[in-house]
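Could you go through the salt bridges and pockets here and explain the reasoning behind each term?

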Amino acid sequence: PTDQGLPPCADVRDKVVSNLTRTLPTLELGDPSKPALFFLHGWPDSAAEFAAQFAGLCYGPSAKYRCVAVTMPNFHPDLPSADKDVLTLNATIDRIVTTVGEANCVDTTFVVHDWGSVIGYMLMSQHPDLMKRTISFDVGTGGNASDGFMSVNAEAYLAKTSLVTKTLAKEFWAPCTDCATWESAWVYCPTPATKLSACSIASKHVVAPPATNPFLFVWGNMTRGKPRTWATEFFGPEWLEWVEATPHGQVVVGTGDHWVFAESAAYVNEAIENWLAGLM
């Protein structure tokens, strides 16, 4: 966004390092000795969806943090489709864990969104000591918005048609409609080899992470330009209560939709900085 007081996008992009040698490809910015913000994107996005956080939190000599963002299999626009044996939630979790180690992240805060939140919560349940604290955007437990959305994308994946996935992305005002290829929809319907079918996971069934680490939850109050209602929320009231019961748990509401961290970047970045300042 150009109206959020961020440095010019081209200047930030020139400093970002694209690393294709990791187990998962990464975008990285900042001093490796500084506390890491490790980002995991959602659908239909990639590591690049967190550009505003890279610019606001990790750019320049005075930045307090280092940003590392991975792109999950079949989401990177410059890489070929992945083998089917890695297109499972559990295999993706294993690859994320390995990438955290390869990137030498220190004092790590996990920053997750959408499917990144779903997979991230599963990861934290399996590896509770990997991250020190968590920031999640827009997806929790107990929501009411994902069943139909998931089934449409699952059918598109099985039919290998990007027309459906791109139409759905456009309908929900996704920042990158062209990123919504049918290949990226595997998260909605993994191959039969997986023991955990994402087709059966709606936000009401998402596994909550351990409640032992500090947790910040940020969500947007709009859907397609209109005030958001429970019917389009990816979380329920009990989720907000759960967040606030965690150590230093906090809920922040921003003006924007599912991608509020871009639409209200200045507000969200300030909330993140203030929250982290109270912990570090």
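This is a predicted model: local features need pLDDT of at least 70, side-chain atom pairs count only at pLDDT 80 or more; totals for chains, interfaces and linings use all residues.

Q: Why is the contact between the side chains of Glu-28 and Arg-22 called a salt bridge?
A: The N to O distance between the side chains of Glu-28 and Arg-22 is 3.1 Å, and the term requires a side-chain nitrogen of Lys or Arg within 4 Å of a carboxyl oxygen of Asp or Glu, so the pair qualifies. A search of the whole structure finds 6 salt bridges.

Q: What makes Arg-22, Glu-28 and Arg-66 a network?
A: Glu-28 meets Arg-22 in a salt bridge, and the side chain of Arg-66 also meets that of Glu-28 in a salt bridge, with 3.1 Å from N to O. This second pair links distant parts of the chain, since Arg-66 belongs to strand 4 (residues 66-70) and Glu-28 to strand 2 (residues 26-29), 38 residues apart. Arg-22, Glu-28 and Arg-66 are therefore linked through salt bridges.

Q: Why do Arg-66 and Glu-28 count as buried?
A: Buried means under 20% relative accessible area. Arg-66 has 4% relative accessibility and therefore counts as buried, and Glu-28, at 10%, counts as buried as well.

Q: What makes up the lining of the largest pocket, and how do its residues divide by class?
A: The largest pocket holds about 670 Å³ of space and is lined by 26 residues, with Cys-9, Ala-48, Phe-50, Ala-51 and Ala-52 nearest its centre. Helix 1 (9-15), helix 2 (51-57) and helix 8 (260-263) each supply at least two lining residues, and helix 2 gives the most, with 4 residues. By class, the lining divides into 20 nonpolar, 3 polar and 3 charged residues; Ala, Phe and Cys count as nonpolar.

Q: Which residues lie nearest the centre of the second largest pocket?
A: They are Asn-74, Phe-75, His-76, Leu-79 and Pro-80, out of a lining of 22 residues. This pocket has a volume of about 330 Å³, and its lining has 12 nonpolar, 6 polar and 4 charged residues.

Notes: Residues are numbered from 1 along each chain as its sequence is written. Side-chain values use heavy atoms; hydrogens and water are left out. Buried means under 20% relative accessible area, exposed over 50%, partly exposed in between (1.4 Å probe, protein chains only). On a 1 Å grid over the protein atoms alone, a cavity is a set of points where a 1.4 Å probe fits but cannot get out, and a pocket is an open set with protein on both sides within 12 Å along at least five of seven lines; lining residues have an atom within 4 Å of a point. Grid points are joined across faces, edges and corners, and a volume is the space filled by probe spheres set on the points.
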